[in-house]
Amino acid sequence: MARPDKAAAVAEAADKFRGSTAALVTEYRGLSVKQVKTLRRSLGDNAEYAVVKNTLTKIAANEAGISELDDLFTGPTAVAFVTGDPVESAKALRDFAKDNPALIIKGGVLDGKALSADEIKKLADLESREVLLAKLAGALKAKQSQAAALFQALPSKLVRTVDALRDKVEQGGAGTPAPAAEDAAAE
């Protein structure tokens with residue numbers, strides 16, 4: 001029979017897995033309490049970094065429908081439960097791991113898809129959501145400007161062509177008989 005405190009811990013961890021957009025699994029062996037506290041601050045409000053018990057967390061992940069992480073729960077393990085932008089959290093973990101080689105990113109899960117450590121590093125190399133949205137908005141604005149210029153060019157080209165034809169007709173137009181000359185030749 002499971003102890004009530006362990007059952008509560010499993011239920012809480014399962015809720016965290018379900019409520020997170022991503023869960024990034026790390027090994028923190030060799031980090032001091034001060035360094036872990038610094039890591040938690042660098043993640044900000046975007047994620048919760050929790051030192052976990054492997055067996056209980058494996059059970060919680062399976063209850064949440066995530067079985068891909070089972071192999072990652074060995075040794076001293078901590079999980080960053082990401083509720084905001086996963087790119088920012090991946091960047092924070094990557095940057096912290098550069099300064100503190102004792103932190104090892106093992107892998108994780110993003111929207112139900114398992115991620116390897118290399119995929120998390122690639123995720124960290126992405127630009128933030130705001131930057132990508134700004135680039136998209138700039139591209140859309142450029143396309144609208146091109147379309148506006150095109151739509152403006154068509155009527156102005158038509159006006160220039162009509163003006164050129166009118167000038168040609170008024171000057172007697174080389175190669176085309178004037179309307180009065182045609183009437184005189186017909187009589």
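User: What makes T26, L93 and L103 count as residues that Y49 touches?

Analyst: Contact means heavy atoms within 4.5 Å. In this predicted model, Y49 touches T26, Y28, V36, L39, R40, L43, A78, V79, A80, L93 and L103, leaving aside residues up to four places away in sequence. Residue numbers run from 1 along each chain as its sequence is written. Local features need pLDDT of at least 70, side-chain atom pairs count only at pLDDT 80 or more, and totals for chains, interfaces and linings use all residues, while side-chain values use heavy atoms, without hydrogens and water.

User: Why is the set of 23 residues called a nonpolar core?

Analyst: A nonpolar core is a set of buried (under 20% relative accessible area, 1.4 Å probe, protein chains only) Ala, Val, Leu, Ile, Met, Phe, Trp, Tyr and Cys residues, joined through side-chain atoms within 4.5 Å. The largest such core has 23 residues, and L43, Y49, L93 and L103 have the most contacts inside it. Its largest share, 6 residues, comes from α4. A second, separate core of 18 residues includes V10, A61, L72 and F73.

User: How do you know which residues line the largest pocket?

Analyst: A pocket is an open set of points on a 1 Å grid over the protein atoms alone, where a 1.4 Å probe fits, with protein on both sides within 12 Å along at least five of seven lines; lining residues have an atom within 4 Å of a point. Those residues are A9, V10, E12, A13, K16, A50, V51, V52, K53, L56, T57 and F81. α1 gives the most, with 5 residues.

Terms used. Helices (H or I, at least four residues) and strands (E, at least two) are DSSP runs, numbered from the N terminus. Buried means under 20% relative accessible area, exposed over 50%, partly exposed in between (1.4 Å probe, protein chains only).
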